[in-house]
Structure formats: C-alpha cells, structure tokens
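User: Could you walk me through how the helices and sheets pack in this one? I'll jump around a bit as we go.

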Amino acid sequence: MQKVVKIQSFVRAKLQGEAYKSLTQGKNPPVGAVKNFVHLLNDSDFDFNEEVEFERMRKTVVQQVRQNEMLEQYIDQLDIKIALLVKNKITLDEVVRHQSNYGGHASSLLANTAMSSANHYDLKALNKSSRKKLELYQQLFFNLQTQPQYLARLFKRIREQGTAENECKRIEHLMMGLFGYAQKRREEYYLLKLVARSIREEVDACQSLQDYVRGNFFWTKLFGNYTRSPRDRKYLRDLLGPVIRDNIIEDPALDLESDPMQIYRSAISNEELRTGRPSHRPLDIPRDLAIKDPETRELFIDHLRDLREICDQYFVALEDLLQRMPFGLRFVAQQSFDALRQRFPREQPHHVLQLVGTWIWRFYLQPAITNPEQVGVTEKSLSPLQKRNLGEVAKVLGQIVSGRPFGGDNIYLQPLNAFVTESIERLHHITNDLISVPDAENTFDIDEYNDLYAKNRPTLYIKMTDIFAIHTLIAQDLPSICPGRDDLLREIMQDLGSAKTNENEMVAAGSSDIQMFLTPKLHDIGDPDADVKALFMETKRCVLYIIRVQTGANLLEILVRPPTQQDEMKWQSLLREDFASGSNTKGAYSDVNMVDVTRMSYYDMKRNALENIMHLEHMGRISKHNYYQDILNAIALDIRTKSRRRIQRQKELEGVRLTLSNLHEKAKYLDQQRKSYDDYIEQAMATLQKTKGKKRFLMPFTRQYNHQRELERAGRVPKFGSFQYSVRQLADKGVVVEWKGHTEREWGSINLTISCDQVGIFNIEGSRGHIQIPGASAVVPIEDLLQAQFEAHQFINHFEGNLRLNVNLLLHLLYRKFYRTQ
C-alpha cells in the first residue's frame with residue numbers, strides 16, 4: 001500500500017510539473033493547467049506587507065538623502081566660516097551662531113525649524129485656493145514624469161545656455177527628487193524614458209556625429225547620478241574586482257610600465273640597490289638604445305605580455321557578465337545607437353556602434369578601472385605603482401575602444417597591435433550584444449496608461465522648496481518647453497500662477513517635506529483601447545472563477561455548459577474562501593477597477609462573462625474557432641508576469657535596503673566630520689574665555705574720551721562698545737574711500753561713529769558735532785562683510801550708496817576694536 005501511495009505521489013508531482021511547464025513555456029496551455037495555478041495571481045498578505053515595507057523604506061531613503069544633503073551644506077558653510085575665522089582671527093560668535101542653527105546632531109537637521117520644518121503637511125491648514133494649487137502641482141509633476149518631451153527640451157536649453165556647473169548640480173538633484181531617486185519600478189522606468197527622449201532631442205540638433213561626440217549634455221549628468229546606485233556598484237565590483245584583485249592587488253611587485261626609458265632607469269636603480277655599487281650602464285641614453293639593453297628588452301616584453309593577459313581577462317569577464325549588466329545602461333546605449341542611426345542613416349552601422357562603445361567605456365567602465373576605490377570595486381586605496389599599472393591597462397583598453405591600433409604616439413606599444421586588432425572585433429560583438437535588450441515596457445511591465453487603471457495613485461515625497469524651485473525652473477523656459485500655445489503644461493502653469501506667491505501662501509500650512517499623490521488631467525490623456533482593455537480584464541477575472549467552478553476539455557465547452565445548483569453552492573464557497581473578512585489577501589486582478597463579482601450569483605457572473613466574450617469576439621480580439629484559447633493564453637501570461645513582478649519587488653527591496661545602508665554609512669562619516677568641527681569650535685571657545693582682557697584705558701580729553709563720557713551721561717553705552725572717528729582719520733587709515741556730497745576738505749569736521757550693541761551687528765552713523773547728518777546711518781552685519789570678503793569684493797556702499805568703504809580695512813578695524821585677536 002505504501003508503494004502505491006508513493007507511486008501516486010510521484011505521478012501527481014510529474015503531472016503537476018508538466019502542467020506548470022505547459023503554463024510557463026507552452027503556447028496554448030490547457031484549462032486544467034491554468035486552473036491549477038490560478039492562485040498565483042492572488043495578492044497574499046505577504047505581497048501586501050512587502051509593498052507596505054517597500055513604500056516605507058522608499059520614503060526613508062528620500063528623507064535620508066535630503067538629511068545628508070543638508071548636513072553636507074551645513075558642513076560646507078561651517079568650513080567657510082571657520083576658514084574666515086582663522087584667516088581674520090575673529091571671535092567665535094558668528095560661527096557659534098551658525099552652529100546653533102544646526103542643533104548638534106544629524107537627526108535634528110530635519111527637526112530644526114531654523115533650517116527646515118519637520119511637521120507633516122497639514123492639509124486642514126490649507127484654504128480652498130491652496131488646495132487647488134496643491135492639486136495643480138500634483139498634475140504638473142505627473143505630466144513632467146510621464147511626458148518626457150518637456151524635461152528633455154529643458155535639458156537641451158540648459159546645454160544651449162551654458163548653465164554653470166553648480167546650477168546644473170542643483171537641477172540634477174531636483175530631477176532625481178522628482179523621480180524619487182529611481183527607487184521604485186515606475187519612477188525608474190520614467191527616468192530612463194526621459195533620458196532616452198533627451199538623447200533623441202540632442203541627436204536631432206547635431207549636424208554630424210562629431211557634434212554628438214563633443215557634446216556636453218545634461219542627460220549624461222542625470223544618468224551619472226542614476227548609475228551611482230548600489231546595483232551598478234555591485235556589478236562593477238563583480239566585473240572588475242577579480243581582475244584587479246588577482247593581477248594588481250595580490251601582486252604588489254607587478255610593473256606594467258611600457259616606456260623603455262623608464263624600464264631601463266628602473267633596472268639600473270634596482271641593480272645599484274642590489275649590488276651597492278654604481279652601474280656601469282649610462283643613465284641618459286636615447287630610447288632606441290635603451291630598448292636594446294638585454295635586461296630592459298626582457299622586462300619590456302614581460303610587461304607587454306602581462307598587459308595583454310590582463311586585458312584579455314577583462315574581455316572574458318565582460319563577456320561572461322554581460323547579461324548581468326544593469327538594464328538602465330544597456331537601454332540608454334541602445335537608445336543612443338538607434339537615435340544616431342536614424343539621424344545619420346549614411347553612417348556605417350559599425351562606426352555608430354563603435355561610438356556607442358566609446359561612450360560606455362568613458363562614462364561607465366574607465367572611471368571604475370582607473371579609480372576602483374571610488375566606486376566600491378576595491379575596499380582599500382591603491383599604491384601609486386598599482387594606480388600606474390591600472391593606467392597602463394586603461395591605455396590599452398582605451399586604444400581598443402577607439403577602434404584603431406597604436407600609432408606613432410605610442411610606438412613601443414605597437415607590438416600589441418595584433419592583439420588590439422583582434423580585440424576590436426571582439427569588442428564589436430560584445431557591444432552589439434550589449435545593446436540587444438528588450439524594450440523598457442516589457443522589462444518593467446509598465447506602459448504609459450498604467451497610472452490610469454491603477455487603484456493606487458503614484459506617490460512622490462518632495463520638499464516644499466523643491467516644488468517651487470521646479471515651478472520656477474519650468475516657468476523660466478516655458479516657451480522652449482511648450483512651443484504650442486494650447487499645450488496641457490501651459491494650461492497647468494497658467495493656473496498655478498507665480499511660484500513666489502504660491503510659496504508665501506502654501507508654506508503657511510507648515511512642512512518642508514510632503515507626500516503628493518500624483519494625478520493626470522484625464523480629459524487630455526487617454527488610451528484609445530482603454531474600453532477594450534477594461535472589458536478584456538473583466539472577462540479574464542470572470543473566466544478565472546468559471547474554470548474553478550466548472551470543468552471541461554476547453555474553455556468553450558465550459559462556457560456553454562449551463563450552471564447547476566451545485567455550481568452555485570461551489571461559487572458561494574469560493575467567494576467566502578477568497579474574500580474572508582480580516583484578511584489582506586486580495587483576489588486576482590484586484591488592483592484594477594471593475595465590476596464587483598462578490599455581489600453577483602454564479603448565473604449572473606457567467607452571463608456577464610458571456611456577454612463580454614461576445615463583445616470581444618465582435619471586436620476581433622478573440623475567436624470561437626480556437627475555443628477562446630486567447631483568454632487562457634492571456635491569463636497564463638499574467639501568471640508568469642505576476643511571478644516576475646514578485647521577483648522584481650524582491651530585487652527592489654534588496655536594492656533599497658542596500659541604498660539605505662550606504663546612506664547611513666555616509667551619514668556616519670558626515671556626522672564625524674561635523675563633530676570634528678564642533679570640537680574645534682568648543683576648544684576655541686574655551687581659549688577665548690581665558691583670553692578676555694580688562695577694560696581699556698582712555699586718554700583724557702581725547703575725542704574717544706569725550707564720546708564715551710557723553711554716552712555714559714546719557715545712559716546709552718552700547719553693550720560691546722562705541723568708537724568715534726573723524727572721516728579724515730578713517731580716510732587716512734584707508735577705511736573711507738569716498739563720501740558723495742561731502743568734499744575732502746569737510747572730512748575733518750564730520751564724525752563717523754561705529755558701535756555694537758548686539759553680537760555681530762554694527763551701527764555706523766555720521767554727524768557734525770552733536771547733530772546727525774540726514775541719511776547717514778547704516779546697520780552692518782558682520783556676515784555681510786565676511787560674505788563680501790569671501791566673494792572678493794573690495795568695496796561696500798552705505799548711506800544710500802553715498803559712503804564707500806574698503807571691506808578688508810573696515811574688517812581689520814572692527815577686529816581690532818571689538819574683538820580679542822591676540
């Protein structure tokens with residue numbers, strides 16, 4: 001009996017395996033195979049929890065990125081202030097004030113109201129106008145994400161205007177924030193579509209291939225940010241790590257020098273170190289004689305042999321791991337190739353392919369070879385010799401990538417030309433395979449209409465300041481971004497109005513960081529097949545339940561069989577099983593809006609399915625001739641896609657966890673850097689307290705003595721002092737350069753009083769005797785003077801622009817009179 005049970009189990013397992021194979025690999029899976037695996041379409045508690053966990057971690061990544069950015073900005077500003085402090089020997093009041101704005105720990109950056117507010121965005125605090133603006137911003141960002149032509153035109157304008165590098169960096173961060181740092185499948189898809197569209201915009205503007213090669217495009221900066229992900233770092237580590245470790249790191253004596261002169265001199269040096277006597281060989285000889293030296297020639301040949309071997313290992317690794325290369329890079333390379341072929345049809349395909357290969361090398365692979373520690377390929381820093389060796393390897397690989405053998409510039413590397421020529425052809429095949437990838441829609445299982453059907457709207461975590469910065473950016477170049485007068489984006493921008501006005505209105509509701517639910521303007525975005533798709537989706541769902549209730553040889557046989565009372569009971573049992581209360585488990589196709597089958601009898605549900613099938617057949621989507629097998633094929637495809645989606649989600653979760661880990665490591669490093677600055681400030685503060693001096697002695701009956709007595713009698717002595725000079729005195733010191741409306745002969749009878757009653761805030765007043773001159777009053781913060789000095793401004797104007805002062809000499813006077821500098 002036990003043997004019979006084992007045989008039955010074996011047969012059942014075999015049949016189950018065959019059924020699954022027919023589902024995943026067969027063209028027309030039978031009804032039984034689809035029925036057996038229909039449960040794979042259900043969204044389980046595990047699926048639900050994974051989605052919740054991923055969404056939570058994605059939000060955390062965005063917050064951590066911003067926190068690190070703010071911490072870096074704080075450290076940069078503090079670094080400048082400390083440098084000015086050291087340079088000018090001033091007290092620490094201004095530095096400490098900046099420090100106090102921060103609060104002392106990285107986590108408090110987002111909580112400190114002086115730098116940003118961490119309150120959740122309070123929708124209740126919004127009035128009707130602000131709510132409308134928020135909805136418009138949600139529409140704006142949805143369109144910017146899903147309609148790549150807008151930002152692609154903006155990127156082109158950025159290049160044409162020669163935008164400064166720091167501004168490009170700011171825009172790059174804004175764009176990555178707009179796409180959620182590509183942490184989610186949807187956002188990554190749309191970011192890659194934007195890069196692809198930007199490539200086409202730039203290629204169409206080029207008059208020749210050389211224009212494209214020489215171009216400095218903004219999309220490469222944005223894509224460079226995207227490829228700094230943990231996924232790309234892991235791939236580069238897997239690709240280059242073994243080659244560099246086995247050949248460069250584990251052989252510290254390896255020398256790949258290809259210059260015979262350097263090899264010759266190194267051989268002489270080694271000989272003298274070994275023997276302790278001067279070499280009989282002359283040190284300064286021409287290269288053609290150096291190569292004839294037997295030891296030099298032998299070493300030279302060994303070096304070239306090692307170079308060829310390491311380069312060959314690189315190509316082997318590239319061939320083996322090509323299918324694991326991140327899709328984003330391969331997709332962008334493919335889009336570049338297609339765009340160039342379309343724009344320059346007369347160019348040879350192999351030449352265009354070689355240009356794409358050159359871009360991949362320079363953009364992605366060469367930096368990882370020459371600086372492996374910066375992209376995580378190696379953990380430790382390399383020695384100068386190891387760096388030089390990698391430079392020699394990169395020189396040979398770069399020559400292969402260029403598609404040309406070594407010429408007169410590298411005459412001593414010409415013995416490698418046979419290997420170079422062979423490798424050029426080899427690289428051609430690799431590049432051709434590299435760009436052979438499926439389209440982004442199949443890879444990400446997304447199309448441009450997904451957002452219209454999904455129950456859950458796409459979310460975006462974004463800073464309020466970034467919202468208005470993007471608004472301003474679009475508004476500045478709106479004519480270029482939207483050439484058409486009736487463009488949808490123009491309509492949204494017109495309704496939004498001024499970014500500055502919106503900022504003043506919406507910031508009152510609190511928050512610097514909000515969650516937006518992006519929405520399209522549905523009347524302008526439509527899928528021509530939307531009704532058919534919705535009908536087909538609803539039909540698939542009904543068919544799924546029908547084949548679980550009734551059986552038959554094919555779908556047509558099941559559909560024409562009349563339902564019985566037993567079928568009705570089975571249907572009710574099925575509903576209770578699939579839609580039990582208190583469970584997060586959802587039935588198949590639960591993320592799509594459609595008719596509620598839970599309220600229908602089996603008879604009504606089957607009648608609804610048959611009516612839908614008649615409509616679909618009339619439209620030509622399915623056929624009775626193959627027993628409506630097209631519906632089963634579509635369900636089988638959905639089951640396979642659902643499985644791939646679960647695998648994709650696991651990869652996304654793994655990627656976001658790795659990203660968070662790296663961000664936490666960076667936060668630790670930045671926090672250590674901040675702590676070192678804070679320690680310096682605290683130590684300097686202690687020193688400052690010890691060096692405070694006693695009250696200065698004033699010579700009786702001098703200008704300053706009389707000024708001080710007068711202030712004391714009036715009871716308005718400034719907290720940190722007040723000093724009076726004639727304009728002539730300050731002009732002689734070089735502080736006063738010009739005072740319009742007053743001739744130099746008058747300067748001796750006009751006084752300037754400089755006082756300080758608040759830390760870092762100085763008051764400058766002009767007077768004749770005891771009468772103040774109208775308009776001759778100014779409040780001068782020390783920050784303004786330090787900023788002017790930092791920006792190399794020589795002069796600063798006050799008194800309505802009439803009084804010109806020398807910045808450095810005024811600072812010198814203030815330090816001497818108001819600060820302890822010794």
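Helix pairs and sheets

Analyst: In this predicted model, helix α12 (residues 260–275) and helix α14 (residues 294–320) pack at an angle of about 120°, with their axes 9 Å apart. That angle makes α12 oblique to α14.

User: Is the crossing of α12 and α14 left-handed or right-handed?

Analyst: The crossing of α12 and α14 is right-handed. On the α12 side the contact is made by P260, I263, Y264 and A267, and on the α14 side by E295, T296, L299, F300 and H303.

User: And how do the residues of that contact of α12 with α14 divide by class?

Analyst: The contact of α12 with α14 divides into six nonpolar residues, two polar ones and one charged one.

User: OK, another pair. At what angle do α21 and α23 pack?

Analyst: Helix α21 (residues 464–476) packs with helix α23 (residues 488–496) at an angle of about 120°, and their axes are 11 Å apart. The two helices, α21 and α23, are therefore oblique to each other, and their crossing is left-handed.

User: Which residues meet there, in α21 and α23?

Analyst: From α21, H471, I474 and A475 meet L489, M493 and L496 of α23. By class, this contact of α21 with α23 has five nonpolar residues and one polar residue, with no charged ones.

User: What about α10 and α15, how do they pack?

Analyst: Helix α10 (residues 218–226) and helix α15 (residues 327–343) pack at an angle of about 160°, and their axes are 11 Å apart. Because angles over 145 degrees count as roughly antiparallel, α10 and α15 are roughly antiparallel to each other. The crossing of α10 and α15 is left-handed.

User: Which residues do the work of meeting in α10 and α15?

Analyst: W219, F223 and Y226 in α10 meet G328, L329, V332 and S336 in α15. The residues of this contact of α10 with α15 divide into five nonpolar and two polar, with no charged ones.

User: Switching to aromatics: how many aromatic pairs does the structure hold?

Analyst: The structure holds 18 aromatic pairs. One of them joins Y189 and F444, whose ring centres are 6.1 Å apart and whose planes are at 65°, so the pair is edge-to-face. Y189 lies in helix α8 (residues 185–205) and F444 in helix α19 (residues 440–444), so this pair ties together parts that are 255 residues apart in sequence.

User: Now the sheets. What order do the strands take in the open sheet of four?

Analyst: The open sheet of four strands has the order β3-β5-β6-β7, with antiparallel pairing. At its edges stand β3 (722–726) and β7 (771–781), each with a single partner strand, so one side of each is left without a neighbour in the sheet. Neighbouring strands of this sheet are turned by 20° against each other on average, with direction ignored.

User: Over how many bridges do β5 and β6 pair?

Analyst: Strand β5 (residues 751–758) and strand β6 (residues 761–768) pair in the antiparallel sense over six bridges, and L752 stands opposite G766 in β6.

User: Which helices pack on that sheet?

Analyst: Helix α30 (residues 703–714) packs on the sheet and touches β3 and β5, its direction making about 135° with that of β3. Helix α33 also packs on the sheet, touching β3, β5 and β6, and its direction makes about 60° with that of β5.

User: Then the three-strand sheet: what is its order, and which strands are at the edges?

Analyst: Its three strands form an open sheet in the order β4-β9-β8, with antiparallel pairing. The edge strands are β4 (736–739) and β8 (795–798), each of which pairs on one side only.

User: How do β8 and β9 pair?

Analyst: β8 and strand β9 (residues 803–806) pair in the antiparallel sense over four bridges. Within β9, L803 stands opposite H798, and N806 is the bridge partner of F795. β8 and β9 form a hairpin with four residues between them, and F799 in the turn has a positive phi of about 55°.

User: And what about β4 with β9?

Analyst: β4 and β9 pair in the antiparallel sense over three bridges, with E738 standing opposite R804 in β9.

Conventions. Residues are numbered from 1 along each chain as its sequence is written. This is a predicted model: local features need pLDDT of at least 70, side-chain atom pairs count only at pLDDT 80 or more; totals for chains, interfaces and linings use all residues. Side-chain values use heavy atoms; hydrogens and water are left out. Axes are lines fitted to C-alpha atoms, for helices over the stretch in contact, and angles run from 0 to 180 degrees between N-to-C directions. Angles under 35 degrees count as roughly parallel, over 145 as roughly antiparallel, 65 to 115 as roughly perpendicular and the rest as oblique. A crossing is left-handed if the near helix is turned anticlockwise from the far one by less than a right angle, and right-handed if clockwise. Contact means heavy atoms within 4.5 Å. Ala, Val, Leu, Ile, Met, Phe, Trp, Tyr, Cys and Pro count as nonpolar, Asp, Glu, Lys and Arg as charged, and the others, Gly among them, as polar. Two strands pair if DSSP finds at least two bridges between them. Rings of Phe, Tyr and Trp (its six-membered ring) pair if their centres lie within 6.5 Å; planes under 30 degrees apart count as stacked, over 60 as edge-to-face and the rest as tilted.
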